[in-house]
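Colleague: Thanks for making time for this one. Could we look at the model together and work through a few of its residues?

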Amino acid sequence: IRKIWKELASKNELSIEIGGIKPIPQFVINSNNFLKYKTFLTQEMLKEGFLASNLIFMSMAHDQKIIDQYKEKLQNIFKIIGECEKGRDIDSLLETKVCHSTFKRLN
């Protein structure tokens, strides 16, 4: 998964930082729009049947077929995020409110 993120970030000229422990890796796109990108990624991956964000909880259920499908779906999202870093309007692509940066009470 880390290799996939690095490859897609490089291909789309995105600066990312990857961290977390091996079974729960995460990434951050170095951009003021990161939370919008995180929201967009989740929004679009849900449309493809993946509950995904900028982190993943790896398990034995994630076989190579699932990882390949994940990468295939993620490619276009990273491409669009790269376009947004070059001027495309991310706000026009969001269909929901931007996610929070921390745990916050919602009431």
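Colleague: Happy to start in a loop: where is Ser53 found?

Modeller: A word on the source: this is a predicted model, where local features need pLDDT of at least 70, side-chain atom pairs count only at pLDDT 80 or more, and totals for chains, interfaces and linings use all residues. Residues are numbered from 1 along each chain as its sequence is written, and side-chain values use heavy atoms, with hydrogens and water left out. Helices (H or I, at least four residues) and strands (E, at least two) are DSSP runs numbered from the N terminus. In those terms, Ser53 sits in the loop between helix 2 and helix 3.

Colleague: Is Ser53 buried or exposed?

Modeller: Buried means under 20% relative accessible area, exposed over 50%, and partly exposed in between (1.4 Å probe, protein chains only). Ser53 touches Phe27, Lys38, Leu41 and Thr42, leaving out residues up to four places away in sequence, where contact means heavy atoms within 4.5 Å. Because its relative accessibility is 17%, Ser53 counts as buried.

Colleague: Which residue's side chain does Ser53 join in a polar contact?

Modeller: A polar contact is a pair of N or O atoms within 3.5 Å; within protein, one must be able to donate a hydrogen and the other to accept it, and residues adjacent in sequence count only if both atoms are side-chain atoms. Here the two side chains are joined at 3.1 Å, and the partner of Ser53 is Asn54.

Colleague: Over in helix 2, which backbone nitrogen does the side chain of Thr39 reach?

Modeller: Thr39 is in helix 2 and counts as buried because its relative accessibility is 7%. Its contacts beyond four places in sequence are Leu94, Thr96, Lys97, Val98 and Cys99. At 2.8 Å, its side chain reaches the backbone nitrogen of Cys99.

Colleague: At roughly what angle do the axes of helix 2 and helix 3 cross?

Modeller: Axes are lines fitted to C-alpha atoms, for helices over the stretch in contact, with angles from 0 to 180 degrees between N-to-C directions. On the helix 2 side, the contact is made by Tyr37, Phe40, Leu41, Glu44 and Met45. The axes come within 10 Å, and they cross at roughly 145°.

Colleague: Which backbone oxygen does the side chain of Arg2 reach?

Modeller: Arg2 lies in helix 1 and is partly exposed because its relative accessibility is 27%. Setting aside neighbours within four places in sequence, Arg2 is in contact with Ile18, Gly19, Gly20, Ile21, Lys22 and Pro25. The side chain comes to 2.7 Å from the backbone oxygen of Gly20.
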